[in-house]
Amino acid sequence: MTGTTTVESPMLATYFNNLNALRWWSKDTIAVVTGGNKGIGFEIVRQLASQGVTTILTARDENRGQQALGALKEDGLDVVFHQLDVTDSKSIGELATWIEARFGGIDILVNNAGIGWSSLPNKVLAAKEVLDTNYYGVKNLTHALLPLFRPSPAGSRVVNVSSMAGQLAVVGNNKWRQQLNDEDNLNEEVIESIIQAYLKDRAEGMNNVLLMPSQELLEAYGNYTVSKVACNAHTRVVARDLANRKEGEKVFVNCMCPGVTNTAMSQNQGHSVEEGADTAVWLVLLPAAECVTGKFFLKRTDRGFVYIEEAFAIDAQSMIPEK
Ligand SMILES: NC(=O)c1ccc[n+]([C@@H]2O[C@H](COP(=O)([O-])OP(=O)(O)OC[C@H]3O[C@@H](n4cnc5c(N)ncnc54)[C@H](OP(=O)(O)O)[C@@H]3O)[C@@H](O)[C@H]2O)c1
């Protein structure tokens with residue numbers, strides 16, 4: 001709990017005391033955010049640091065990361081920087097070693113870094129690059145940092161910034177959709193066998209895995225979609241595997257969609273980054289009593305893993321890059 005608030009009105013004093021009681025974190029709480037140099041990640045760092053959490057802004061490019069850090073420090077925020085490329089196991093290992101030496105552990109991990117359909121303009125993104133970042137990056141970093149989560153009465157938090165695009169309704173193959181939704185038996189092998197089936201499809205010009213409205217959309221969004229399906233599934237696997245931890249050692253693991261948000265990835269369509277970051281920050285800072293695990297959230301609401309209604313509500317066609 002952080003400092004007390006002095007107010008004249010007894011009603012206001014009660015209100016602030018209640019607020020403080022909900023505030024489980026302090027300056028000693030350590031958060032790691034990936035892809036923190038711009039977009040939604042930068043905003044998540046800004047909001048967490050503004051709330052008094054000691055926040056480690058990570059970025060794959062040292063210069064871009066330092067620039068982002070400088071902007072936040074100018075606003076008086078307590079943020080530290082460390083390089084991290086989520087596709088590079090050496091970089092992941094160095095971050096983990098540095099965190100342990102400097103802070104002794106962490107309490108919060110936000111897997112935000114991602115690439116999408118428009119990160120590489122004028123070409124359909126290579127499947128490997130997208131999957132390495134959006135799925136294997138999340139998987140490998142989570143495994144590397146889990147041993148560093150510290151016991152805490154409020155529990156530790158992992159939030160994966162995913163997408164509505166990864167809802168199971170986009171998996172056209174019934175067998176795979178059922179496997180991905182069978183939480184008790186889901187594991188990394190199942191997830192990765194579906195990734196392999198998708199890659200085989202792409203190599204052979206087939207479409208046995210995803211249900212996409214058109215071949216053109218499959219070309220433009222298929223890699224991203226399957227990467228977020230896998231990211232969501234991985235969230236469930238990690239959450240389930242950690243669910244039986246005893247009180248004081250709990251880790252709450254959830255994923256969320258920021259909604260279409262005005263960043264480089266969406267080609268500046270959509271709502272503000274403040275809105276895009278909101279659900280992730282809310283999940284991270286929830287009082288322990290309100291925490292759930294293994295869920296998918298949109299607009300602070302548990303939407304389940306199969307929901308599709310809004311997945312293609314954006315003007316997807318206009319965002320297909322030129323070949
Ligand atoms: N914007 C949307 O409408 C939207 C909708 C749904 C979900 N999302 C998700 O939200 C997250 C953030 O996206 P955004 O919209 O903020 O996109 P963005 O502005 O393009 O930012 C993406 C961030 O990820 C970083 N990144 C990419 N590859 C990386 C790697 N290998 N290692 C470390 N960092 C890496 C980028 O670094 P560089 O600056 O070095 O490239 C950048 O900091 C993504 O996971 C995305 O899928 C976004």
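**View 1. The buried residues of helix H4 in this predicted model.** Start with four residues of H4 that are buried: Ile92, Leu95, Ala96 and Ile99. Looking down the axis of H4, you would find these buried residues within an arc of 95°, so they line one face of the helix.

**View 2. What the buried side of H4 packs against.** Here you can follow the buried residues of H4 to their partners.

**View 3. Helix H4 from end to end.** H4 covers residues 89–103, which makes 15 residues. From its first C-alpha to its last, H4 reaches 21 Å, close to the 21 Å expected at 1.5 Å a residue. Just after H4 comes glycine 104, with a positive phi of about 85°.

**View 4. The shell around the ligand.** In this view, 34 residues surround the ligand, and the closest are Gly35, Gly39, Ala113, Gly114 and Thr263. Helices H2 (39–50) and H5 are the elements that give two or more residues to this shell. H2 gives the most, with three residues. Sorted by class, the shell has 17 polar, 12 nonpolar and five charged residues.

Methods. Residues numbered from 1 in each chain as written. Predicted model: local features only at pLDDT ≥ 70, side-chain atom pairs only at ≥ 80, totals over all residues. Expected span 1.5 Å × (residues − 1). Buried ≥ 20, exposed ≤ 12 C-beta atoms within 10 Å, placed from the backbone. Arc of directions from axis to C-beta. Contact = placed C-beta atoms within 7 Å. Near = placed C-beta within 6 Å. Nonpolar A, V, L, I, M, F, W, Y, C, P; charged D, E, K, R; others polar.
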